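Dear colleague,

Please find below the structure that I am handing over to you. I would be grateful if you would read the notes after it with the coordinates open.

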Amino acid sequence: MSYTSDNLAMNRLVREIYAVDGLIAEGAQGMDRPIYPHRDKRKRPVIWLENARFAWLQGRDMIASEPRGYVLADSVVQRLETSDDGLVGQHEDRVSKDIYTPDGVVRPANVNVRSSALELLARRKGHERGKWLSAAELEAGRALARDYHRSGQGRMGHQDFTNPGVQGGDRNGAAERAMLSRITASTRLRTAREILGADLAPGVIALCCRSEHMDKVERTEKWASGSGKQIIKLGLARLVKLYGTEVGAGRGASNPR
């Protein structure tokens with residue numbers, strides 16, 4: 001299923017849950033979760049939600065937990081009541097910009113610069129009234145996300161034109177170049193995990209690559225509340241040398257710790 005058709009399917013699913021004021025069961029029955037109309041478990045389920053789609057909704061904070069199960073989050077309900085447009089991707093702000101790949105090739109790309117957790121963190125104010133993340137740290141986080149998706153561990157949220165394998169329009173050997181690109185990205189990602197270490201890698205990847213909210217990352221990693229932004233900044237600082245994002249600094253894979 002394509003990214004666009006997947007979005008449309010999820011929009012339709014959310015609207016169906018809203019139409020019946022559905023209550024999603026707390027526990028799964030096999031590979032699915034029943035959804036009860038009017039939040040009444042005495043009634044027969046009218047929708048069955050796949051566990052993968054449940055995780056998708058939960059990961060985007062589109063559902064909220066309550067004692068009897070899960071319901072649509074207040075923000076989702078409010079948007080459904082006040083707008084006719086889609087839900088998935090409504091916070092995206094796409095711009096065309098040039099991206100420098102780790103192989104030194106520049107490519108035009110359609111980039112979402114608004115909704116990702118990394119971009120939101122980058123816009124926070126620092127102690128000296130500047131931005132919380134430096135340009136080098138922000139670009140290192142973006143590069144980490146590209147490697148994560150390109151290595152096959154995630155899914156690009158927009159069409160990806162950054163692959164250097166398309167240079168010159170020569171399609172001969174495209175499959176081989178795509179595989180080499182994936183292997184190269186996997187190698188860099190493995191090196192990034194080693195540089196971050198077991199203490200930082202899961203949290204940094206969750207925020208930068210899967211765009212999980214900071215409060216969720218803090219809960220999952222059992223970090224102190226409010227400490228996440230400093231920990232993520234520390235992790236990104238470790239990746240600056242690997243991705244060569246600091247002006248005047250060379251790229252390398254040495255561990256800066």
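The notes below describe a sheet, the helix packed on it, and contacts of aromatic rings.

This is a predicted model, in which local features need pLDDT of at least 70 and side-chain atom pairs count only at pLDDT 80 or more, while totals for chains, interfaces and linings use all residues. Residues are numbered from 1 along each chain as its sequence is written, and side-chain values use heavy atoms, with hydrogens and water left out.

The sheet is open and has 5 strands in the order 3-2-1-5-4, with antiparallel pairing. Strands (E, at least two residues) and helices (H or I, at least four) are DSSP runs numbered from the N terminus, and two strands pair if DSSP finds at least two bridges between them. At the edges are strand 3 (47–50) and strand 4 (63–66), each of which pairs on one side only. On average, neighbouring strands of this sheet are turned by 35° against each other, direction ignored. Strand 1 (residues 23–25) pairs with strand 2 (residues 32–36) in the antiparallel sense over 2 bridges, and Ile24 stands opposite Ile35 in strand 2.

Helix 2 packs on the sheet and touches strand 1, strand 2, strand 3, strand 4 and strand 5 (contact means heavy atoms within 4.5 Å). The direction of helix 2 makes about 75° with that of strand 3; axes are lines fitted to C-alpha atoms, for helices over the stretch in contact, and angles run from 0 to 180 degrees between N-to-C directions. Phe54, Trp56 and Leu57 are buried in helix 2, where buried means under 20% relative accessible area with a 1.4 Å probe, protein chains only. They cover an arc of only 160° around the axis, so they lie on the same side of helix 2; the arc is that of the directions from the helix axis to the C-beta atoms. Asp61, which follows helix 2, has a positive phi near 55°.

A search of the whole structure finds 1 aromatic pair (ring centres within 6.5 Å, using the six-membered ring of Trp; planes under 30 degrees apart are stacked, over 60 edge-to-face, the rest tilted). Phe54 and Tyr70 form this edge-to-face pair, at 5.0 Å centre to centre and 75° between the planes. Because Phe54 lies in helix 2 (residues 51–59) and Tyr70 in strand 5 (residues 69–72), the pair ties together parts that are 16 residues apart in sequence. Phe54 is buried at 5% relative accessibility, and Tyr70 is buried at 14%.

Arg33 lies over the face of Phe54, 3.7 Å from the ring centre (NZ of Lys or CZ of Arg within 6 Å of the ring centre and within 35 degrees of the ring normal).

Yours sincerely

Notes:
Buried means under 20% relative accessible area, exposed over 50%, partly exposed in between (1.4 Å probe, protein chains only).
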